[in-house]
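Please keep the sequence and the structure in view while reading.

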Amino acid sequence: MRLVAIFCSLPAFLLASGCANSVKVINSDTGSGSDLDTATGDDTGDTADTGDTAVDSDWHEYDGASLVILSPASGDFLPWSEDATFAAEVHDADGNVMDFTDIAWTSDIDTAWGITGTNVVDSALDVGTHALTATANLPNGDRLAYTIGGVLVQSPYAGIYSGTLQIDAVYSSYAVGCSGATTITVDAYGETVTGDASCLLSLNGYDLDTSYILAYDNADGALTGSSSIDLGFYQYDIDTTGTLDVDGNLDASFTTDLSGLSLTGTLTATRITRDLSGS
């Protein structure tokens, strides 16, 4: 807002009748901008809002300035709890980088997170799919904002895995085996591994439909937990160990003996997506 003083210059005899100096208020809200549809993950930027504040004529170099986020980009994956770079710049009307560093960063879903600067390394952003906004309040009264969407933050282990469970069974002099499909979910923090699998064993003329409930803990790629045989009326837990890597490869195995029936299970799976929204 600009305040323009308009002085009454009428003759003195009119001043006596109530004429006095007056102030005219001129609204200078001329900024424009656009909104972000976070469902699409599109970028929006360079929004300006001059607000109702007095503008110092010495700051005209900021007129027509714009703001852009350099890193991360829309749709980027950021490993949870690992350092990531958040970079943005203010450009003048000619596209030159300006010496302005007071840029504030916010997230639409992690309200506790916030950083300030043009090039910040930070690891505190929580898991989730974020729309990140950088904001600059310029000395000339303009407010610039730039938003990117679809920034996924979660453990590098997290995701949906698909693979097979191979069962080898030995009873007395009989040896049989079967192979079945498995689907496994690793949670967003990369700590909990759950899933199921099944396969049909044919042993000495009998078909044994075996189902397995998988429940493991992940500690930096080392899996421990149980693969439980689900017989409908009873679950038998089998200690299981394995490995999981950040490239999305899972391997686990177990061995047990059930009243003379020796079972060995080998589980292999690979990550098919990082998207956990449907899990």
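A residue counts as buried under 20% relative accessible area, as exposed over 50%, and as partly exposed in between. The model shown here is a predicted one. With these limits, Asp220 counts as exposed, because its relative accessibility is 73%. Asp220 is placed in the loop between β15 (206–219) and β16, and its phi angle is near 55 degrees, a positive value in a residue other than glycine. Ser81 also has a positive phi, near 70 degrees, and is likewise not a glycine. Ser81 belongs to the loop between β5 and β6 and counts as partly exposed, since its relative accessibility is 46%.

Why do such angles deserve a remark? Most residues other than glycine have a negative phi, and most peptide bonds are trans. Pro72 is situated in the loop between β4 (66–71) and β5.

## Strand β11 and its partners

Strand β11 covers residues 143–154 and is mostly covered, as ten of its twelve residues are buried. In which sense does β11 run relative to β10, parallel or antiparallel? Strand β10 (residues 128–137) and β11 run antiparallel and are joined by nine bridges. Within this pairing, Thr135 has Ala145 in β11 as its bridge partner. The two strands form a hairpin with five residues between them, where Gly141 adopts a positive phi near 100 degrees.

Strand β11 is also joined to β5, by three bridges, and these two strands run parallel. Here Pro79 stands opposite Gln154 in β11.

## The hairpin of β12 and β13

Strand β12 (residues 159–171) pairs with β13 in the antiparallel sense, over 13 bridges. Thr164 has Ala181 in β13 as its bridge partner. How many residues lie between the strands of this hairpin? There are two residues between β12 and β13, and Ser172 in the turn has a positive phi of about 55 degrees.

## Aromatic pairs

Rings are said to pair if their centres lie within 6.5 Å, and planes over 60 degrees apart count as edge-to-face. The count by this rule is six aromatic pairs. One of them joins Trp80 and Tyr189 in an edge-to-face arrangement, with 4.8 Å from centre to centre and 85 degrees between the planes. Trp80 lies in the loop between β5 (77–79) and β6 (84–91), and Tyr189 in the loop between β13 (174–186) and β14 (192–203); the pair therefore ties together parts that are 109 residues apart in sequence. Both residues are partly exposed: the relative accessible area is 24% for Trp80 and 31% for Tyr189.

Phe86 and Trp105 make up another edge-to-face pair, at 5.8 Å centre to centre and with 70 degrees between the planes. Distant parts of the chain are linked by this pair, as Phe86 is in strand β6 and Trp105 in strand β7 (residues 103–107), 19 residues apart. Phe86 is buried, because its relative accessible area is 1%, and Trp105 is buried with a relative accessible area of 1%.

## A charge over a ring

Which residue lies over the face of Phe77? Arg274 does so, at 3.9 Å from the ring centre. Arg274 belongs to the segment after β19 (261–273), and is partly exposed, with a relative accessible area of 27%. Although Arg274 and Phe77 are 197 residues apart along the chain, their C-alpha atoms are separated by 9.3 Å.

## A nonpolar surface patch

On the surface, Leu208, Leu231, Phe233 and Tyr234 form a nonpolar patch, and together they have about 440 Å² of accessible area. Of these residues, Leu231 is found in the loop between β16 (222–230) and β17 (235–244). Is Leu231 buried, partly exposed or exposed? Leu231 is partly exposed, because its relative accessible area is 37%.

Terms used:
Residues are numbered from 1 along each chain as its sequence is written. This is a predicted model: local features need pLDDT of at least 70, side-chain atom pairs count only at pLDDT 80 or more; totals for chains, interfaces and linings use all residues. Side-chain values use heavy atoms; hydrogens and water are left out. Rings of Phe, Tyr and Trp (its six-membered ring) pair if their centres lie within 6.5 Å; planes under 30 degrees apart count as stacked, over 60 as edge-to-face and the rest as tilted. Helices (H or I, at least four residues) and strands (E, at least two) are DSSP runs, numbered from the N terminus. Buried means under 20% relative accessible area, exposed over 50%, partly exposed in between (1.4 Å probe, protein chains only). A charge sits over a ring if NZ of Lys or CZ of Arg is within 6 Å of the ring centre and within 35 degrees of the ring normal. Patches are made of residues with over 30% relative accessible area and no salt bridge: like charges are joined within 9 Å, nonpolar side chains (Val, Leu, Ile, Met, Phe, Trp, Tyr) within 5 Å. Accessible areas come from the Shrake-Rupley method with a 1.4 Å probe; for residues, only the protein chains shown count as cover. A salt bridge is a side-chain nitrogen of Lys or Arg within 4 Å of a carboxyl oxygen of Asp or Glu. Two strands pair if DSSP finds at least two bridges between them.
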